[in-house]
Amino acid sequence: MAEVRCPMCGKPNPEEAEVCIFCEARLKPLILSPAASEGDQNMPDWLRNLRSADQPEEDQPADDEKSAETLDWFSSPEELRAVEPPAPALDSPGGEEPVDWLADLGSLEEPLPEAEQAPSMAASEVESSEDWDSLSDWLDSLKQEKPDTAPETAAEDQLIAGEGDLELPDEPPLAEPIEPVSGDEKQSLADWLSGATIEAIPSEEWLSSIESAEQPDEALEAVEGVEPAEPGELPDWLTVLAGSIPEAIQEPITTEPEAEEISVASQDQAATDTEAPGAVDAESIFAEIPAEPTQELPDWLDQIDHTQEAMAGSVPAFALDDELAKLQAGEQAALEEATAEALSLPEWISELTAETAAEAPEVEAALEDAPDLAQAKLPDWLEAMRPVEAVAPEPVFLDQSDDHMESAGPLAGLRGVIPGEIGMLAQHKPPAYALKIPITDDQQARLATLQALVSGEGQEQPLPARPARTNQLVLRLIVFMLLVLVSVAALWINPQTPLPNPEQIAPEVFAVQQQVQSLGPNQPVLLVLDYEPGYVDEMNTVVMPVLDHMAARGAHLVFVSTSPTGPIIATGLAEWIGRQPAFANTGFENYTNLGFLPGGVNGIRAFALAPAQTLPRKLDGSPAWIGPLAKTVWSLDQFGLVVVASDDPEGARQWIEQAGPLLHNKTPFILLTSAQAGPMVQPYYAPPTGLVTGLVSGMSGGAEYYSATSRASVVPLYWGAFSLALNVVVVFIVLGGFVSLVSSSITTRKTQKGEENT
Amino acid sequence: MSLADQIGAVVGFLLTLMVISYLFGDNGLFRLAVHIFIGVAAGFTTVLVLDQVIWQQTLQPLFNKPLPNLYLTLPPLLLGGWLLFKGSSGLERLGNPVVAFLVGVGAATAIGGALFGTLFPQVETAINLLDLQAARQEGQLLLTWFPNAVIGILATVVTLAYFQFSLGKRYNPASRFQLLMAPVRNIGQGILAITFGVLFAGVLLAALAAMIGRIYFVWETVWNWISMFIPLQ
């Protein structure tokens, strides 16, 4: 369905609508055409417009379909003719268009009296209708009796319509073609409008014709009685006419263009006054007309015709801008000057404007009381000049293809907004994420535990009171006392605890016996004493029988030690040997105490490579490598036997590793160790390839060697007590293991039962 | 018994009792005995080193026959003096070369001894376990020798298998090799446990022997004192 856009608000309206359904602006201009009603045939346009505003919209002629502009009585006659076919304007200037130029002038003059007479419009509306009829009759008669003026009027109309510009001979081409107007017509109209050239006004002819015509009724009388209005005051006939101003007038025109129209209206008024037969003193009226309007036709007036015909649809605010651009500089300057002159209003117009502004509220009130009043029809160019604040907050052009109205965001309420991704997000509410971290009960418990640990770190916690007597102390004392009693009893009683069978001694012990037995007199034997004084009691059970056996064989013993206390131990052993029955008389002197060997493993290596250079002197400082040791100055394998006595497996291993390979399997290597080092050095005894050729380990080994050799030893003193204490220890270990096993099984069963119950 | 021996006996008796008092827990007597032992040992060691090492082996040869003994005495003196820089917090870096020399020599000695004194001989011994001729020379019976040899070799291999701690990039605990090695490692772990038990037994025997010896010393001392005042038959 075809739509018509409202020139005021820009909204679409049905094609057949006369008035905009949104702002009630006129959609179809009021055009005087042959199809107009009979009563309106002789009625001027401005009058017809006034009367049509009272009538309902359906009575409006259908010829307004082509016009999309607001055609109210306020619009200029040029606008009216712009939407009409151009032919009628020239073909029948006098018949179909009754006094167009006059009607145009009257339409221009209408705003002034309308503003003042708005309160009384409703009251005098009925009375003025008859006046209009009478007035229209004589106006029509004027038109018929003056055919010679028709061309002039037509020319003037054309000139007013903007078809020509006398003052701008070099008029630039307009956007739309305009019907050319003859220059003579332009000149005549310009002269008449300027006032100064008002000379050959056939006043007598038309006045006489007017006199012959029917006299107007009251309105005409009112017009006849109109005296020349003083500057600043409206003529009476205009005031009378203002009483019948239709409701189309809603707002007074206060803008400057209004002043232009007022000035033009004043001129038209003057012209009208002069044309009124008998009622108006044209000369007086024209005399009242100020001479400020220049002799020449104002350019703005010509521009009005151009711009109005060039307009189609919405009217730009200043259509002259495009046209001004086409003008030359000189023309533009002249146009601006003319515009400035046109804007300079006479005093009476300015006063009228002030009164109009003062009466605006009254007018609005009257309009509210009279809803049937038609809205004022402003010309397009005038409407375009209206301030933005006075216009309804609606866009002039709306893209109706997108009816989506933004409902969210800063652009809410607007149409034609480019939809973005925000619309998708607006479909659902964004999820609200909780700032708190979800913590389970288990985590909470652990967190509490950690906090308690951290907080309790700096706090002093009282230590639990230790009991004076504990179970372990009691058990320890019992075991000790039992062991002591057994030992003392054994020492006291001296039970003849059998010694190991000499036939069943260990092979390594037997090997030692064999190797010591093979020693010859004064054969040097290296005896290394690397054990601490704390293990003297045990080591004595191992070293003494071997030492006594070597001494008995006449070997020259060479004592050396990597421990600082070794030389002291060596001295004691030497003294013990001297106290033996074999040496009771002579003592034992066949030994050399080299003293302390420093350097650890490096010292052992150095001594093994060069014994005389490593330890050249004895413990007392005398030269050592003389006599029987003179042969062993250069290497260790010159010794007849190397015996290493150690309580530490590490010490024994060092001697084995450093000295054993240098013996080249020529010199036997015997180890005399404590019971705790025996298992560790046992692998080194591996005949025939092993580095160790004999091993005596612990008191049991000493007892075996003592049993095999029957040499002097302390084994018999300790063997009984040792055996009994060892038996007690074994019993304790077995009992303790058994008790531990039973208690652990009971605890496990209790735990299992507890778990089963839970 | 001389006077020194008697005094020594009394001091020894007292110190023994003080050490045995540890049976009731840590106390002052035990600590006194420990302190005395540490002090005496440190003092004796100092005197011994000064006399035996510094004077007799270094200074005295240098004073008596400097030229022949110069190459033997001068380097130890210089290096020993150079090592004294380690005692200063500011000049300790100057003694680093000497320490490096000592560490290097010690490492070389230890590594050489471990290779030629332990590793190679032990491997040779393990190989010779199944040497039938050696067993015959030793007079071992075949019935006892062979099981001993087999057990010895298997125990050695199984114990070494327990010490596999490298996994590798392709370690898969569910693989067939790992499933086969698992019981082997368990057996090796058992053998190690038996070895530790034997070691513990040896330590226990040594401690027991030491205790017996001390008890006998105390008994004998007390008995001698008693016999001094009370004649005993």
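In this predicted model, chain B meets chain A through 50 of its residues, which are in contact with 57 residues of chain A. The area buried between the two chains comes to about 4300 Å², and carbon and sulfur atoms contribute 71% of that area. On the chain B side, the residues that lose the most area to chain A are B:Leu23, B:Ile212 and B:Tyr216, which together make up 14% of what that side buries.

Nine residue pairs are in polar contact across the interface of chain B and chain A, with both residues at pLDDT 80 or more. The count of salt bridges between chain B and chain A is one. This salt bridge joins B:Arg214 to A:Asp537, and the closest N and O atoms are 3.0 Å apart.

Helix H2 (28-64), helix H4 (96-127), helix H5 (132-138) and helix H7 (176-229) of chain B each provide at least two residues. Of the elements on this side, H7(B) gives the most, with 18 residues. By residue class, the side of chain B that touches chain A holds 29 nonpolar, 17 polar and four charged residues.

One residue of chain A gives a local view of where the chains come together. A:Gln676 sits in the loop between strand S7 (669-673) and helix H29 (678-681) of chain A. Leaving aside residues up to four places away in sequence, A:Gln676 touches A:Tyr535 and A:Asp647, along with B:Leu199, B:Gly202, B:Val203 and B:Ala206. A:Gln676 counts as buried because its relative accessibility is 16%, under the 20% cut-off.

Chain A as a whole can be described in a few figures. Chain A has 758 residues, of which 49% count as buried, and its secondary structure comprises 31 helices and eight strands. Among the contacts in chain A with a separation of 6 or more, 76% are between residues 24 or more positions apart.

Confidence should be kept in view when reading chain A. The average pLDDT of chain A is 70, and 52% of the residues score at least 70. Over residues 79-99 of chain A pLDDT stays under 50, and the model has 53 contacts beyond four places in sequence for this stretch. Residues 196-204 of chain A also stay under 50 in pLDDT, with 13 contacts beyond four places in sequence. Where pLDDT is low, predicted coordinates should not be read in detail.

Methods: Residues numbered from 1 in each chain as written. Chains lettered and ligands numbered in written order. Predicted model: local features only at pLDDT ≥ 70, side-chain atom pairs only at ≥ 80, totals over all residues. Heavy atoms only, no water. Contact = heavy atoms within 4.5 Å. Buried area = accessible area lost by both parts, 1.4 Å probe. Salt bridge = Lys/Arg side-chain N within 4 Å of Asp/Glu carboxyl O. Polar contact = N/O pair within 3.5 Å; in protein donor to acceptor, adjacent residues only side chain to side chain. Helix = DSSP H or I, 4+ residues; strand = E, 2+ residues; numbered from the N terminus. Nonpolar A, V, L, I, M, F, W, Y, C, P; charged D, E, K, R; others polar. pLDDT = per-residue confidence, 0-100. Buried < 20%, exposed > 50% of the residue type's maximum accessible area, 1.4 Å probe, protein only.
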